[in-house]
Amino acid sequence: MEEQNKIVQDEKVSNEAVKRDAKTLWYSVRTFLSELLDIRSDTDRDSTIEAVKKDISFKGHNAWILIFSIFVASIGLNVSSTAVVIGAMLISPLMGPIVGMGLSLAINDIETLKRSLINLAVMIVLSVLTATLYFAVSPISELTPELEARTYPTILDVLVAIFGGLALIVAKTKKGTIASVIFGVAIATALMPPLCTVGYGLAMGEWQYYAGAFYLFSINAVFIALSTFLVAKFLRFPMVKYANSKRRRFVTQMASLIALVVMIPSLYLFYILYKEQVFTSATKDYVTRVIRYEGAEVVKFSQDYKAKRIDVYLIGALVPKAKIQEWYNQLTEEVSLADVSLKIHQGSDQSSQMAEQLSSAVKSGILEDLYVNNQQALADKNSQIQLLEDEINRLKASALPFQSLSEEVHINYENIARFGFSNTINTNFEEADTIPTFLIEWKPSLSENAKRREELKLRAWLKVKYDLDTLSIARY
């Protein structure tokens, strides 16, 4: 009995030891993570507020920097130069008022919020006017890939704006601001190119480019401000105090209302873009995985989220109706595509609709392949032409009427005792060349200087007479 009690007691002691070790381990892990991720201890709140307010200002140097950066970005977009566009992002002062909006909402600073909104509005108007002026006078008016990429936002743009904004405000709140982070966020969030694209849309009279680009800019601006608001609240930035209690309550209520007005549409926008992105990804996966038939190939497919429709364009062998029906059935089994309609366009369709629906991307791809193939074929043709020209020259030289030539030489050059002709083949071990060679034996009575003069005269005469580029004169 005593032995059993001892065993039970030992088990209790062992269990208690395990619990203590587990608690110690959990405390160590929690302490490590707390020290690793803690940013409050190294936050300089007063300096951050002062720096953000300073960046809001828009006059003098900042105005000119904005104008010049807009020109640089517009040129980069106009010629589709990514490097130039990145350079414009780095020198743009657009980020200041946006961060100022988020921070002022977080600390109930209505005066700073007003100043941020006014400066941001002025910056937007000045940027759009500058870009519109540039694209109105630019001789290059086509839509480049860099411009097109800024005409429609995706869920990725929202995520970049959120995490970029978080990185930006965290970097600004640290004692000793991390400049490289601020530059990186300026590039990643890309506030400048969408505004330039808005100017392009206005200059070209293209409403869809204008609306899409401004939509993208609005997303970036709103989510950067929202990220700033959330981080400032998390770090417990000191609230602005007002002497009048009524004014304090009014300012607090207004700031909360504005924050909600910004936050709720932002979350809804995030949800809509997320759903659209899910639809797009599911569509691509479905077409790649399901739309397959031996002898037929998908040349293009498009999806319309609003109309809930997928259009697939096929060339090659005609797909039987039974197979198409099978594709329909598989589509209805897809959870995210259950209410989507599918339209199959086959290559036998000779209607104008089929021709029109082939995208410019497909056409340009075909043209590019043709261009590359033609360039290679042209190079091969040039090589063949060069070989044929060399052969013609060789045959031309070998076909000289030697008998009549020798008679003319004997009449014109009485000091030649013997005359001959042959084709000499020379090579530099890379290519061979056939050179017409004329053999001369001069009479012994002729001096060496006279021989050289006569050979020069003979060379010039033979070149003109038989249209030879090169020839050689040798002595027996």
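Guide: Let us begin with a turn. This is a predicted model. In the hairpin of strand 1 and strand 2, four residues lie between the strands, and Lys308 takes a positive phi near 55 degrees.

Visitor: In what sense do strand 1 and strand 2 pair, and over how many bridges?

Guide: The general idea is that strands of a sheet pair through backbone hydrogen bonds, either parallel or antiparallel. Here strand 1 (residues 296-304) and strand 2 (residues 309-316) pair in the antiparallel sense, over eight bridges. Individual partners can be followed along the pair: Ser302 has Asp311 in strand 2 as its bridge partner, and Val298 has Leu314 in strand 2.

Visitor: How many bridges join strand 2 to strand 3, and which way do these strands run?

Guide: Strand 2 and strand 3 (residues 341-345) run parallel and are joined by five bridges. One point to locate is Arg309, whose bridge partner in strand 3 is Ser341.

Visitor: Which helix belongs to the β-α-β unit of strand 2 and strand 3, and what is the handedness of the unit?

Guide: The helix is helix 13 (residues 321-333), and with strand 2 and strand 3 it makes a right-handed β-α-β unit. Helix 13 lies across strand 2 and strand 3, and runs at about 155 degrees to strand 3.

Visitor: What is the order of the strands in this sheet?

Guide: The sheet is open, and its three strands stand in the order 1-2-3 with mixed pairing. Strand 1 and strand 3 are at the edges with a single partner strand each, so one side of each has no neighbour in the sheet. From one strand to the next, the twist averages 20 degrees.

Visitor: How many bridges join strand 5 to strand 6, and in which direction do the two run?

Guide: Four bridges join strand 5 to strand 6 (residues 472-475), and the two run parallel. Thr437 stands opposite Ser472 in strand 6, while Phe438 has Ile473 in strand 6 as its bridge partner. Strand 5 and strand 6 also belong to a right-handed β-α-β unit, together with helix 17 (residues 448-466).

Visitor: Which strands stand at the edges of this sheet, and why is one side of each without a neighbour?

Guide: This open sheet of three strands has the order 4-5-6, with mixed pairing. Strand 4 and strand 6 stand at the edges; each has a single partner strand, and therefore one side of each is left without a neighbour in the sheet. The twist averages 30 degrees from one strand to the next.

Visitor: Which strands does helix 16 touch, and which does helix 17 touch?

Guide: Helix 16 (residues 402-412) packs on the sheet and touches strand 4 and strand 5, its direction making about 130 degrees with that of strand 4. Helix 17 also packs on the sheet, but touches strand 5 and strand 6, and its direction makes about 145 degrees with that of strand 6.

Visitor: Finally, which residues make the nonpolar surface patch?

Guide: The patch, of about 390 Å², is made by Ile65, Val72, Val84, Ile86, Leu90 and Ile91. Helix 3 (61-78) and helix 4 (82-91) are the elements that give two or more residues to it. Helix 4 gives the most, with four residues, and Val72 is found in helix 3.

Notes:
Residues numbered from 1 in each chain as written. Predicted model: local features only at pLDDT ≥ 70, side-chain atom pairs only at ≥ 80, totals over all residues. Heavy atoms only, no water. Pairing = 2+ DSSP bridges. Right-handed = clockwise from strand over helix to strand, strands pointing away. Axes fitted to C-alpha atoms, helices over the stretch in contact; angles between N-to-C directions. Contact = heavy atoms within 4.5 Å. Patch = residues over 30% accessible without salt bridge, like charges linked within 9 Å, V, L, I, M, F, W, Y side chains within 5 Å. Areas by Shrake-Rupley, 256 points an atom, 1.4 Å probe, with all protein chains shown as cover. Salt bridge = Lys/Arg side-chain N within 4 Å of Asp/Glu carboxyl O.
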